[in-house]
Amino acid sequence: MTREVHVGVLASGRGSNFQALWAAEQAGVLGARLVCLLSDNPSANALQRAADRGLQTRLVDAGGKRGQLSETAQGEIVAFLRHHEVDLVCLAGFMRIVGRTLLEAFPNAILNIHPSLLPSFPGLEAPRQALEHGVKVTGCTVHLVDAGIDTGPIVTQAAVAVRVDDTPETLSARILEQEHRIYPEAVRLWASGELAAHGRRIGVRDRIDTRAPRANDASHHSNSEARP
Ligand code: GRF
């Protein structure tokens, strides 16, 4: 029997997304086990939350330039994750850019959650960016992490309507509710092995690209045929 998927979390702040993942695991709907959490911030609430829930935790000195991770830090993170036999890495409010060493150690196995409908409003303060732009709908995105900032292939998204009287705080709060719903769902999909990539397009295996022509399949050639 293959063992369950091990998840390692990287977080820099309050850790509400970590909490949502943990709650999903407790409810038996994550399809994976949270095993460890690393942070670059000694006062991150996420560190305490994880320790209180019995996870192995590690504080890492990020080193390097602002917003980056030094080679030493990446090596330390990879070693810690490998020690705990981590299969999937979840960035949950991690305020550092993941470097090449980490990316190469976990190909297609690092997820991030971002509070906008990417590719709109990447980077910092996405809800504020959305308000300043005047969009009527924003939301959140779970994506695979690549070498860019918030540029990786999208796994799942949720939309949130913007209200005329929204502030960055009120909008962020409603987006966060959706984050807590879609992040566990994305982890469950990843862990189930159901995700399939077609270039940048990620779908669920057996539910996309099922229209291969079959013998005597007249419907394949008709645009008006609806699929069951
Ligand atoms: C979330 O809004 C997430 O989208 C962004 O950072 C925030 C982290 O919040 N990447 P929390 O630490 O999970 O509460």
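So, is Arg 58 buried, partly exposed or exposed? It's partly exposed, at 32% relative accessible area; buried here means under 20%, exposed over 50%, and partly exposed in between, with a 1.4 Å probe and protein chains only.

Quick housekeeping. This is a predicted model, where local features need pLDDT of at least 70 and side-chain atom pairs count only at pLDDT 80 or more, while totals for chains, interfaces and linings use all residues. Numbering runs from 1 along each chain as its sequence is written, and side-chain values use heavy atoms, leaving out hydrogens and water.

Okay, salt bridges, meaning a side-chain nitrogen of Lys or Arg within 4 Å of a carboxyl oxygen of Asp or Glu. The structure has nine of them.

Back to Arg 58: its partner is Glu 76, with the closest N and O atoms 3.2 Å apart. Arg 58 sits in strand β3 (residues 56-59) and Glu 76 in helix α3, so the pair ties together parts 18 residues apart in sequence. Those elements are DSSP runs numbered from the N terminus: helices are H or I with at least four residues, strands E with at least two. Glu 76 is partly exposed too, at 28%.

Next up, Arg 3 pairs with Glu 85, closest N and O atoms 3.8 Å apart. That links distant parts of the chain: Arg 3 is in the segment before β1 (5-10), and Glu 85 is in the loop between α3 (71-83) and β4 (88-91), 82 residues apart. Arg 3 is partly exposed at 42%, and Glu 85 is as well, at 45%. Asp 87 joins Arg 3 and Glu 85 in a salt-bridge network.

Last one: Arg 174 with Asp 166, closest N and O atoms at 2.7 Å. Here Arg 174 is buried at 17%, and Asp 166 is buried at 12%.
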